Amino acid sequence: MKTVHDGSTTEDTMTSSAETNAEAGQLPRGILPTWAVFGVSLGILAPASTLALAIGVVVTIAGNLSWITWAVTSVLVLGFAGGIGWLAKRFTTTGGTYGLAARAAGKPAGFFVMVTHLASSLVAGPACVIGSAIYLDAFLQKVGLPASTWTLGICAGAVAVAVTALNLREVKLSAKLLLVIEFFTVAVIVVLLVVVLANSDTGPIDSRQFDFHGFSATAILATAGFSVFSLAGFDHAATLGREARHPKRAISFAVVGSVLACGVLYIVATYIIVLGFRGLPIENMNAPLDTLAEHNGVGWLGYLIDIGVAVSFFGSTLGVMAGTSRTVYTLARDGLLPARLGKVSAGHGTPVGAVTTLGVIYLVAGLLGVLVTTAETSYGLLGTYAGYMLIAAYGLTALAAGYCAVRSRSLRLGIGLATVLAAIGSVLVYWYSFNPFPSGARGVVAWIFFATVLGYLALYCYLRLRKPRVLARIGESDRKTTLEVDADEQAGATR
């Protein structure tokens, strides 16, 4: 532990600084090490929950070539993550992609990233609440409790309340929980995947998954909106710019590293899951891991998987709320949302106003999602809408990074490639998502997405013409954050 010139330790200095910041209505500075920032990013991605539920949704639509969907999605999201990581090395923010885009390409870019990302986050949180409720209910049924819609509702309500309570505590506690949750649950799922490989009658090679006869890009990319949602959330680590000890290094590593690790895991896991479902009805894809466990003689793993995945979804909800609350906090400090949403707890240094408001939204939306229709349907539809919005937010942020690189004459191969991938990938995903136009409930989601985008365009035009002072406040509080964090790092380097 370092000792500074006045005899106090670095840790003491950080604690004192954190308390002072909280009392001043600001988030604490420098309390999260790199592993904690990575834990937040990985925890929001919640790989265990994607392996348990999202892969089943994709396989139902894309079939034997589902692993290609994850490969394409991973490359696309890596382009997004590369652009966001490049910006995070240069700018410090508590507003996430909103703050980065505003600093990189100006206030118009900040506005459109802000509204699209916020819309996605407000939907993604309740979707994760529903996902957790689905697997909590599955576990309770395994131990003898009869299936009931009201049980699902109680589970959803309990998740929303518990997530809110934890987010009112110090952020480091949430980061530790996220890492422990994912390590345990992914380990259990990996054991099951190994069992499936060992029991395969055809060995590890599945020729069906390499048969490209009749290959359809439409089928592969039709689920791209949903699969992007399942690989999204890593960017919430960018909201920790004030709380991370070395934000410019830690955040960039977290956003790119977590996406790369999860992308490889999803591709491999999807291949094994499809291999294990040879001869099994695809209708069982609502709970593919439970089905595989029973089919391979390790049904007892289903108990661990169900409770583990429920907790994984809980961790994802925890992380989404942590990141979204800091974005809302930043918007309130910029004067774009009510000032009470920028209130910080003096005891824990958390954005208590934003967290409490989001808790109410998660609770109401989560309950409606499990009581009005089937929980699986609500999860899929909310996830699809969130994915559509995230593609817009991530794509615009990556383009803003490319623009910033060109303008500052710092364009290199890495950021250039990330920008191209983000631009081309976004266009392709939207094209194949809406051509042909989806029908049924997914068609309704698509229309809501387009209506939302048109509403945002109208709002921007109104603000530009009638209330330009509102737009002028975009990104202002993050400029102060960058100056303060840079000063802290320079002071630390001289100690």
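On a 1 Å grid over the protein atoms alone, a cavity is a set of points where a 1.4 Å probe fits but cannot get out, and its lining residues have an atom within 4 Å of a point. The model is predicted: local features need pLDDT of at least 70, side-chain atom pairs count only at pLDDT 80 or more, and totals for chains, interfaces and linings use all residues. Residues are numbered from 1 along each chain as its sequence is written, and side-chain values use heavy atoms, with hydrogens and water left out.

A search of the whole structure finds two cavities of 30 Å³ or more. Volume here is the space filled by probe spheres set on the points, with grid points joined across faces, edges and corners.

Start with the largest cavity. It holds about 190 Å³ of space. Its lining has 22 residues; I44, A124, F229, A232 and V320 lie nearest its centre. Helices (DSSP runs of H or I, at least four residues) are numbered from the N terminus. Among those that each supply at least two lining residues are α2 (34–45), α10 (224–230) and α15 (375–407). The largest share, five residues, comes from α6.

The second largest cavity has a volume of about 30 Å³. Its lining consists of G95, T97, Y98, M114, H117, L118 and T327. Helix α6 gives the most, with three residues.

Now turn to a helix pair. A48, S49, A52 and L53 in α3 meet V309, S312 and F313 in α13, where contact means heavy atoms within 4.5 Å.

Methods. On a 1 Å grid over the protein atoms alone, a cavity is a set of points where a 1.4 Å probe fits but cannot get out, and a pocket is an open set with protein on both sides within 12 Å along at least five of seven lines; lining residues have an atom within 4 Å of a point.
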